[in-house]
Amino acid sequence: MGGHSATGLLRPGVDPLGSAFAALLGLSLLALPLMTTRPNRIAAGTGLTAWSALPSGAVLLLGGVVALGLPLLALRAAPPLRLAAAAAILLLLGLSAGWAADHLTLPGDRYGRVSPDAGWWLAFATAALAVGDGLARLRPGPILRIALLALLVGATGLALRTGFWNNLSVLREYASRSDTFGRELRTHAVLALTSVAAAAALGIPAAILARPVPALRTGLLATLNVVQTIPSMALFGMLIAPLAWIGRAVPGAAALGIAGIGAAPAFVALLAYALLPVAAATVAGLDAVPWPVRDAARGVGMTARQRLLQVELPLALPAILTGIRIVLVQNIGLAVIAGLVGGGGLGVFVFQGISQNAGDLVLLGALPTVAMATGAAVLLDAVVDLSRGRAAERVP
Amino acid sequence: MSRAPPLAWAALLALLGVFLVAPGRFAPLFQPFAPGDTPPIYAQTPLLTLAVNHLLLVAAATLTAAAIAVGLAVAATRPAGRDVLPFARSVARIGQTFPPVAVLALAVPIFGFGAVPTLIALVLYGLLPIFETALTGLDGLDPALMEAARGMGMTDRQRLLRVELPLALPMILSGIRLAAVIGLATATIGSTVAASTLGEVIISGLLTGNTAYVLQGGLVVSALALLIDAGFRHVERGAARRAGFRS
């Protein structure tokens, strides 16, 4: 081993984590079925390995890229090289799903279904983890992370728009529901976003007002903590009756959309769940403002209002934003339950799919939910990092 | 809330016990919420049976998740696993953004209906908070303390069992508490995939427009969650005292 200090691109030795990724990728592509074909949407499927599911050109391409990429992952290659290898494999898996679906769909067959099988999911998850690991080793800054997220969203959107995956089973489910899908997706996003915005508008001032008074502060946090323990399904359900009553009894309430059915109970329940983390994060953030900073602000003659707005809140912002990140991600997930109480959202597809025993319909609701939640987490994590940098500038 | 006097917890526990054993006695309380002549108390399956099923499911899932997650956290904090640590931490962080309902829904096409997909979703979802807190607990130990343990001639194994794990125990327990409370709520949703849990009562109420059932199911699950949360906090305080922290 002459050149251990050599190029820097490839050092001798084996990377333990990368080897695990390489082994899992190899295993999933060689030993497990890549795709499943079914005569119709609820029939049992037949698993197909990579080489029987893909056209021969694609098999060669996938095989070549994997054969080249796996050693780079397993050996101690430089982080950019590992990232490139993992990203190439991930991209090719995404393309393979579309190619296989086109290859396996007989011309004019409207009932047959082609969907990814265990091998594809395992390989895809592993490749995604390898990309994440490659990124983590490079420590990209918040702006770059947001740019990468935008690139990923753009590429996926483009593939969906051009109909690249249209022969996949999930998109067959979409095709027969394209009119309602857009509406439910919008309902879902609006429910999650507005409930969090309302929670911030109520929770932050409540926390600021209650924080200096020990009894109020304990009472506020304890009450909100109890609300968190009510199971989401029950809270959504319990709100139907009172909201129906308000809708009937209070003049003008019905015109605002307050009713026992529809999105109102879902909105109120999501708001209730979001209040505690936002209020608790505000209290914790304000508590953490260093004492000398407060003292200095008082020393230069700032009024209580100025201190709050110009010193304490800006310093507490990263903590408050972290609380908002937690509830936004949580509410994107919980909004699925709205589908169970007639509130709409992507949960409609999830629960329809469950009751029809149609896994692809479940996926049609669950995949966008997961994508939205994860995207929101990455975006807000970057925003928290940015605000932390800004808050640090304020404290000399 | 965690500071409520023990008497209040005992009263809540007793009330829950009486309600589960003899729910019929509470019928007048729920009567106003039941439409028309429908029975105010869910009777298709005894509430006690459902509560026991619910708790067993959550307990099995949380214990499995705790065993796996603590094992993984110990492995990731050994010298050989150090390289993996930042990666493992970010996986746990991103993994927790997967909504529990979505995890449960995705388990159905793979594992079918009933308690199995619910159990698997609960285990998967419970892993992450326990793993994250166990990592924080094991990784955040004072290096001087570890050096002292090494200086006393303790082997790696002795250090792990007598120093690191006891000191990290309060953190690990708080992760398990979080997993159990989330699991309790998620198991409710398990009823949509035909697992026999207290969610059955709520769903039946939603389907028939019987708010009394929704209330019953919701209140029992909430009481269980509050009691488990309080119980764990009590044990955590004990563990923290033994570890020499002030709480």
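Guide: pLDDT is the predictor's confidence in each residue, from 0 to 100. This is a predicted model, and chain A averages a pLDDT of 86, with 94% of its residues scoring at least 70.

Visitor: Over which residues of chain A is the pLDDT below 50?

Guide: Residues 1–6 of chain A fall below 50. Beyond near neighbours in sequence, that stretch has three contacts in the model. Where pLDDT is low, the predicted coordinates should not be read in detail.

Visitor: How many residues does the contact take from chain A and from chain B?

Guide: Chain A supplies 37 residues and chain B supplies 38. On the side of chain A that touches chain B, the elements giving two or more residues include helix 1 (16–31), helix 5 (118–138) and helix 14 (304–334). Helix 16 of chain A gives the most, with eight residues. That side of chain A divides into 27 nonpolar residues, nine polar and one charged.

Visitor: Which residues of chain B does the UniProt annotation "transmembrane region" cover?

Guide: The unreviewed UniProt entry places that annotation on residues 50–76, 97–116, 167–193 and 213–232 of chain B. In the model, residues 50–76 of chain B are 100% helix and 0% strand, with end C-alpha atoms 38 Å apart. Residues 97–116 of chain B are 70% helix and 0% strand, and their end C-alpha atoms lie 22 Å apart.

Technical notes. Residues numbered from 1 in each chain as written. Chains lettered and ligands numbered in written order. Predicted model: local features only at pLDDT ≥ 70, side-chain atom pairs only at ≥ 80, totals over all residues. UniProt positions renumbered as here; feature names shortened; annotations may be inferred. Helix = DSSP H or I, 4+ residues; strand = E, 2+ residues; numbered from the N terminus. Contact = placed C-beta atoms within 7 Å. Nonpolar A, V, L, I, M, F, W, Y, C, P; charged D, E, K, R; others polar.
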